[in-house]
Amino acid sequence: MLTDLLEPAASGNPMRSLAPPPGCAQDWTIPQHWERFTPEDHRVWDLLFARQQEMLKGRAVRAFGESLGVLRLSRPGIPDLDELNERLFGRTGWTVVSVPGLVPDEIFFGHLARRRFPAGNFIRSAAQLDYLEEPDVFHDVFGHVPLLAVPAVADFMQRLGELGLEALARGGMHRLARLYWYTVEFGLMREEGALRIFGAGILSSFGESRFSLESETPQRPDFDLRRVLRTTYRTDEYQRSYFVAESFDDLLRSIERADLAALYAELEELEDLSPAPTAG
Ligand code: HBI
Ligand code: FE
């Protein structure tokens with residue numbers, strides 16, 4: 001039962017109780033306390049925002065720019081989630097919740113399954129504009145949140161949450177993580193005959209926004225669920241493969257039609273694929 005996984009402590013299974021850090025609720029959320037962000041924090045947000053606005057012209061999927069407007073994310077400073085959530089919830093029933101940093105998989109996918117996106121409640125320093133240990137509020141709110149205003153993305157993300165909880169219960173988490181990685185974080189899309197970015201890991205990255213579309217090194221295979229589930233990935237360098245989806249509807253259909261548990265079992269017999277078979 002999904003609910004058991006959502007409230008592990010409630011299920012009484014000591015192995016599953018994921019005690020949150022002090023100050024966090026049972027689901028690892030914390031109040032945003034927007035008023036505690038400093039002028040320097042807001043300046044870093046504005047710097048990152050302006051840089052990506054420029055970089056993403058002609059590079060991001062059209063829906064991304066449209067959603068920035070709809071959610072009024074172009075206003076200066078780190079967004080106040082109470083205001084942002086009023087607009088986002090009205091569009092697709094999603095809300096953004098603040099968390100101190102990375103949270104356990106069960107908690108993370110439990111939030112997604114309930115249309116809640118966990119956003120890091122801190123921002124990187126001006127001295128570290130291009131290096132992130134954990135997802136901060138810019139990666140999460142600028143990278144992930146705008147596309148949650150698109151119905152097909154909203155449905156896709158909630159389904160990934162449910163599939164994540166199922167994978168945790170029955171096995172296959174490492175495969176589901178690849179699906180999440182090669183779409184939600186590093187996905188590309190063919191739009192009006194050109195390649196465009198929709199993955200948050202690229203949208204929020206200055207260097208990778210250019211690299212993912214223009215470099216000769218990476219492969220850009222068409223999105224294929226089996227190949228994605230077999231392809232490994234590195235988290236500490238630019239990707240060696242970027243999968244290209246036809247549309248968000250197509251992505252949603254691909255997971256709605258699949259029996260992932262059967263797929264996981266079938267792929268156990270096959271080797272993993274490297275994202276860069278040609279390179280050494
Ligand atoms: N926690 N806060 C946070 N943000 C994430 O993106 C995140 C996480 N925990 C787990 C997790 N991501 C991964 O399991 C997925 O990216 C696959
Ligand atoms: Fe992310």
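A pocket, in the sense used here, is an open set of grid points with protein on both sides within 12 Å along at least five of seven lines. With that idea in hand, let's walk through this structure, which is a predicted model.

Start with the largest pocket, which holds about 1,100 Å³ of space. Its lining is made up of 40 residues, and those nearest its centre are Pro135, His139, Trp181, Glu185 and Thr235. Several elements take part: α5 (105-113), β2 (116-120), α6 (137-144), α8 and α10 (206-214) each bring at least two residues to the lining of the largest pocket. Helix α8 gives the most, with five residues. Sorted by class, the lining of the largest pocket has 20 nonpolar, 10 polar and 10 charged residues.

Now look for the second largest pocket, with a volume of about 220 Å³. Here 16 residues form the lining, and Glu166, Gly171, Leu260, Ala261 and Tyr264 are the closest to the centre. At least two residues each come from α7, α8 and α13 (260-268), and the largest share, five residues, belongs to α7. The lining of the second largest pocket divides into seven nonpolar, three polar and six charged residues.

Since α7 has come up, let's see how this helix packs. Two packed helices are described by the angle between their axes and the distance between the axes. Helix α7 covers residues 151-170 and helix α8 covers residues 173-185; their axes lie 9 Å apart at an angle of about 160°. Angles over 145 degrees count as roughly antiparallel, so α7 and α8 are roughly antiparallel to each other. Their crossing is left-handed. Where they touch, residues of α7 including Phe156, Leu160 and Leu163 meet residues of α8, among them Met173, Leu176 and Tyr180. By class, this contact of α7 with α8 has 11 nonpolar, two polar and no charged residues.

Helix α7 has another partner to find: helix α12 (residues 248-257), whose axis comes within 9 Å of that of α7 and crosses at roughly 25°. Which way do α7 and α12 run, roughly parallel or roughly antiparallel to each other? Angles under 35 degrees count as roughly parallel, so α7 and α12 are roughly parallel. The crossing of α7 and α12 is left-handed. In this contact, Ala152, Asp155 and Arg159 are among the α7 residues that meet α12, whose side includes Phe248, Asp249 and Glu256. The contact of α7 with α12 has nine nonpolar, no polar and four charged residues.

Notes: Residues numbered from 1 in each chain as written. Chains lettered and ligands numbered in written order. Predicted model: local features only at pLDDT ≥ 70, side-chain atom pairs only at ≥ 80, totals over all residues. Heavy atoms only, no water. Axes fitted to C-alpha atoms, helices over the stretch in contact; angles between N-to-C directions. Helix = DSSP H or I, 4+ residues; strand = E, 2+ residues; numbered from the N terminus. Parallel < 35°, antiparallel > 145°, perpendicular 65-115°, else oblique. Left-handed = near helix turned anticlockwise from the far one by under 90°. Contact = heavy atoms within 4.5 Å. Nonpolar A, V, L, I, M, F, W, Y, C, P; charged D, E, K, R; others polar. 1 Å grid on protein atoms, 1.4 Å probe; cavity = no way out; pocket = protein on both sides within 12 Å on 5 of 7 lines; lining within 4 Å. Points joined across faces, edges and corners; volume = space filled by probe spheres on them.
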